[in-house]
Amino acid sequence: MPASVTLPLIRHELQVLSELVPLEGQRIIELGCGNARLARQLLQVYPTSYVTGLEVDARQHAKNLADPREHLSFVAAGAQDVPFPDASFDLALMLKSLHHVPLHLMDQALGEVARALRPGGHLYVSEPVYDGPLNEIVRLFNDEGEVRAAAQAAVDRALAQGPWQQLAERRFDMPVHYADFNEFEQRMMRPTFADHALTDELIQCVSVAFAPHCGPQGADFVRPMHVRLLRRMDCAGVTS
């Protein structure tokens, strides 16, 4: 996309999701749910839905279990092995999570999602775009260029080979704020689910790159996002 194109600024991704798919009374699974922030927001607005969050990070899973909410459940599992019967869900969410699936398991994961969705069900894949000033800082310690490209390629293969129809694409920016470098370091460089092999020298290098973006009110960035909405077809190539 040309650099001159101005993307809409979206503060809450639930806005985009709610414009694309029905959310009332839905059986929803989120693959790689993290802290399940969007799921909790969703259930506040659509309390008749049910959300199941899958998470492979044991520490985050324990935190999720310690913060229960009605109609929200959590399972320790990965997208490549969804522990539910066929056609269990109406909607599957992958929010910045497909690129975290091991490369050799991405196709299997999307196949599992297709199996767990009912015919006519939707898959909402939201992935960060490998671009922008924030990305330039993050790639100093966590270069995701390969895995983000692989995630999009896996979706392309699923569309070509699997029971999917793409219904929509959206591109937008999401604002990201850090009070200071310490907050950036804790949130981005020391996640519970990854070890970025940090050294004092690497931390200093990232700090120097971060400094020009940080003022008295902290540092503000935008993260460019790319959403693809797929619908699961039945074996005959149609939806219910």
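How close do the axes of helix α4 and helix α6 come, and at what angle do they cross? What we have here is a predicted model, where local features need pLDDT of at least 70, side-chain atom pairs count only at pLDDT 80 or more, and totals for chains, interfaces and linings use all residues. Residues are numbered from 1 along each chain as its sequence is written, and side-chain values use heavy atoms, with hydrogens and water left out.

Okay, back to the helices. Helix α4 covers residues 106–116 and helix α6 covers residues 145–161; their axes come within 9 Å and cross at roughly 45°. When I say helix or strand, I mean a DSSP run, H or I of at least four residues for helices and E of at least two for strands, numbered from the N terminus. The axes are lines fitted to C-alpha atoms, for helices over the stretch in contact, and the angles run from 0 to 180 degrees between N-to-C directions. So α4 and α6 are oblique to each other; under 35 degrees would be roughly parallel, over 145 roughly antiparallel, 65 to 115 roughly perpendicular, and the rest is oblique. Their crossing is right-handed, meaning the near helix is turned clockwise from the far one by less than a right angle, with anticlockwise being left-handed.

Who actually touches whom? From α4 we have Met106, Asp107 and Leu110, and on the α6 side they meet residues including Val147, Ala150, Ala154 and Arg157. Contact here means heavy atoms within 4.5 Å. Sort the residues of this contact and you get eight nonpolar, no polar and two charged. For that sorting, Ala, Val, Leu, Ile, Met, Phe, Trp, Tyr, Cys and Pro are nonpolar, Asp, Glu, Lys and Arg are charged, and the others, Gly among them, are polar.

Helix α7, residues 181–189, and α8 have axes that come within 11 Å and cross at roughly 120°. That makes α7 and α8 oblique to each other as well, and the crossing is again right-handed. Phe181, Phe184, Glu185 and Met189 in α7 meet Ile203, Val206, Ser207 and Phe210 in α8. This contact splits into six nonpolar, one polar and one charged.

How many aromatic pairs does the structure hold? There are nine, where rings of Phe, Tyr and Trp (its six-membered ring) pair if their centres lie within 6.5 Å, and planes under 30 degrees apart are stacked, over 60 edge-to-face and the rest tilted. Tyr178 and Phe210 make an edge-to-face pair, at 6.3 Å centre to centre with 70° between the planes. Tyr178 sits in strand β6 (residues 164–178) and Phe210 in helix α8 (residues 200–210), so this pair ties together parts that are 32 residues apart in sequence. Both Tyr178 and Phe210 are buried, which for us is under 20% relative accessible area, with exposed over 50% and partly exposed in between (1.4 Å probe, protein chains only).

Phe210 also pairs with Phe221, this time tilted, at 6.1 Å centre to centre and 45° between the planes. Phe221 belongs to strand β8 (residues 218–232), so here the parts tied together are 11 residues apart in sequence. Phe221 is buried too, as is Phe210. Zoom out, and Phe141, Tyr178, Phe181, Phe184, Phe210 and Phe221 form one aromatic cluster.

Next, helix α2, residues 37–45. Its buried residues are Leu38, Ala39, Arg40, Leu42 and Leu43. They pack against α1 (14–20), β1 (27–31), β2 (50–55), α3 (58–65), β3 (72–76) and β4 (89–95).

Ala36 has a positive phi of about 60° although it is not a glycine; look for Ala36 in the loop between β1 and α2, buried at 1% relative accessibility. Ala87, also not a glycine, has a positive phi of about 55°.

Last stop: Met94, found in strand β4 and buried at 1% relative accessibility. Leaving aside neighbours within four places in sequence, Met94 is in contact with residues including Leu31, Ala79, Leu110 and Tyr124. Leu110 was also one of the α4 residues meeting α6, and that's where I'll stop.
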